[in-house]
Amino acid sequence: MIPSHKIGFLPESMLFQRCETEIPESICKRKTVHQVIENASDADLWLLNSCTVKNPAEDHFRNSIKKAQEENKKVVLAGCVPQAQPRQDYFKGLSIIGVQQIDRVVEVVEETIKGHSVRLLGQKKDNGKRLGGARLDLPKIRKNPLIEIISINTGCLNACTYCKTKHARGNLASYPTDELVDRAKQSFQEGVCEIWLTSEDTGAYGRDIGTNLPTLLWKLVEVIPEGAMLRLGMTNPPYILEHLEEMAKILNHPRVYAFLHIPVQSASDTVLMEMKREYCVADFKRVVDFLKEKVPGITIATDIICGFPGETDQDFQETVKLVEEYKFPSLFINQFYPRPGTPAAKMEQVPAQVKKQRTKDLSRVFHSYNPYDHKIGERQQVLVTEESFDSKFYVAHNRFYEQVLVPKNPSLMGKMVKVDIYESGKHFMKGQPVSDAKVYMPSIIKPLAKGEVSGLTEEFRNRCGNHLSSLSHTSAAIERGLVSSRTVPQMQRLQEDCALKISVGLALLALLFAFFVKVFN
């Protein structure tokens with residue numbers, strides 16, 4: 001038997017990567033005797049997830065690999081960077097797990113610990129059709145037990161000239177609607193009160209399987225319990241235009257946040273054409289204007305790239321005017337970085353100093369207005385789900401997914417409460433709970449404990465649940481000296497026994513599934 005090792009997970013910050021890291025972390029906890037720990041410096045093996053959208057993200061990934069090697073850690077690489085460029089020199093001798101192979105993370109971890117280098121980068125197909133990412137029914141450990149992140153599709157239909165992600169994710173591959181609804185139901189049964197839908201382009205959902213985004217959303221709305229909320233992810237303008245009426249109705253639903261992230265990237269049609277964005281500025285304005293009219297108060301977030309190749313001063317000024325006109329409360333400003341292997345990298349580049357200055361100028365415009373000042377004095381209903389970064393407040397969101405900071409009262413977490421807004425900042429408001437208002441508990445059960453594995457049946461939890469819970473806490477207890485030396489071997493044997501039971505059970509389930517597939521096919 002392989003001795004127990006400590007595994008550290010270092011996810012990228014993007015939402016899609018965060019979603020994907022939750023799955024392998026859970027599988028490692030369930031199917032191995034190794035300990036998954038939060039403090040990466042104490043780990044024997046690092047699993048590094050990655051994002052290939054911008055150069056700084058890849059630089060951070062490269063630096064993490066270097067640091068791991070300097071500290072003599074075993075390394076497994078995951079995410080878009082190694083998937084898109086597996087032959088990079090700094091990947092030599094390292095194990096890689098592809099974006100469609102994360103359900104095989106245990107296999108890769110085990111072989112890496114033995115000193116082998118493993119690379120699983122293949123594309124999964126069904127009858128010749130490319131499948132999406134990892135199966136939706138895989139176990140996961142939510143970073144926040146109150147929030148479920150569901151990827152509804154992978155890849156996209158676009159061919160943007162600056163995008164490296166397409167090289168890793170490929171063309172659009174949507175998950176079946178019934179599987180997504182089942183995942184949502186399971187999440188609510190585990191105490192989740194907020195679901196985030198994510199993908200490279202949620203608006204394109206279903207075009208490859210004969211359905212569309214509104215159809216999926218209406219089915220999801222049917223299973224959202226009272227008091228819980230649904231947040232939509234990013235959608236590009238072309239794929240939302242034909243569904244504007246239905247999207248407005250959905251965004252007006254009381255259990256759906258009136259929020260939509262629609263990246264414009266530039267307000268110059270010339271630049272958009274060079275980007276191959278497949279829409280013009282008028283299309284973007286039509287979407288935004290329609291939704292603002294039909295969904296009063298809606299929050300529209302957008303992205304802008306500064307200094308794309310060929311962008312002139314006039315092009316940039318058109319973008320500045322767009323921001324001044326719409327005063328987006330949430331704006332992601334990105335300096336252009338040429339990604340290797342993309343058409344935009346071969347175009348004539350805007351000087352670096354010009355790109356930096358345009359990024360600063362647009363940031364200055366963004367910070368010149370305060371989107372929430374007029375809301376001081378309002379009484380709002382908010383859903384409390386997180387703790388603030390400085391640990392001084394709890395973070396809640398109102399109907400429009402605007403951030404509201406509330407006092408750190410544990411009785412508020414996971415609940416809806418009415419607050420009076422008394423202060424505002426650039427990115428937040430502060431609210432004081434109304435003293436005589438009822439704290440509303442969503443009609444769901446108590447959420448899973450932090451670090452607890454999602455996706456297990458109640459019967460399985462009852463039979464092995466206590467052992468599973470100990471998997472999450474044994475390592476931390478040992479590190480803090482809370483477990484005696486006599487108890488440690490007993491606890492480790494308990495973990496090993498439970499892991500063995502889980503592995504055998506999963507293997508039997510797989511055999512039964514294969515048998516039925518063979519019979520019914």
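Biologist: Which residues have the most contacts inside the largest nonpolar core, and how many residues does this core have?

Modeller: This is a predicted model, in which local features need pLDDT of at least 70 and side-chain atom pairs count only at pLDDT 80 or more, while totals for chains, interfaces and linings use all residues. Residues are numbered from 1 along each chain as its sequence is written, and side-chain values use heavy atoms, with hydrogens and water left out.

The largest nonpolar core has 80 residues, and Leu-197, Leu-217 and Leu-291 have the most contacts inside it. A nonpolar core here is a set of buried Ala, Val, Leu, Ile, Met, Phe, Trp, Tyr and Cys residues joined through side-chain atoms within 4.5 Å. Buried stands for under 20% relative accessible area, exposed for over 50%, and partly exposed for values in between, with a 1.4 Å probe and protein chains only. The element that gives the most to this core is helix 11 (residues 281-294), with six residues. Helices (H or I, at least four residues) and strands (E, at least two) are DSSP runs, numbered from the N terminus. Because domain 2 (129-372) and domain 3 (374-433) both give residues to the core, it lies between them; the domain bounds come from an automatic or database domain assignment.

Leu-217 is in contact with Leu-197, Leu-230, Leu-232, Met-247 and Ile-250, leaving aside its neighbours within four places in sequence. Contact means heavy atoms within 4.5 Å. A second, separate core has 14 residues, among them Val-75, Val-81, Leu-94 and Ile-96.

Next, the helix packing. Helix 6 (residues 177-189) packs against helix 7 (residues 213-223) at an angle of about 25°, and their axes are 10 Å apart. That angle makes helix 6 roughly parallel to helix 7. On the helix 6 side the contact is made by Thr-177, Leu-180, Val-181, Ala-184, Lys-185 and Phe-188, and on the helix 7 side by Leu-216, Lys-219, Leu-220 and Val-223. Axes are lines fitted to C-alpha atoms, for helices over the stretch in contact, and angles run from 0 to 180 degrees between N-to-C directions. Angles under 35 degrees count as roughly parallel, over 145 as roughly antiparallel, 65 to 115 as roughly perpendicular, and the rest as oblique.

Helix 12 (residues 313-326) and helix 13 (residues 352-366) pack at an angle of about 20°, with axes 10 Å apart, and are therefore roughly parallel to each other. Residues making this contact include Phe-316 and Val-320 of helix 12, and Leu-362 and Val-365 of helix 13.

Two loop residues deserve a note on backbone angles. Asn-72, in the loop between helix 2 (55-70) and strand 4 (74-78), has a positive phi of about 60° although it is not a glycine. Gln-265, in the loop between strand 14 (259-261) and helix 10 (269-275), has a positive phi near 70° and is likewise a residue other than glycine. Asn-72 is exposed, with a relative accessible area of 69%, whereas Gln-265 is buried, at 8%.

As for the whole protein, there are 15 helices and 21 strands, and 55% of the 521 residues count as buried.
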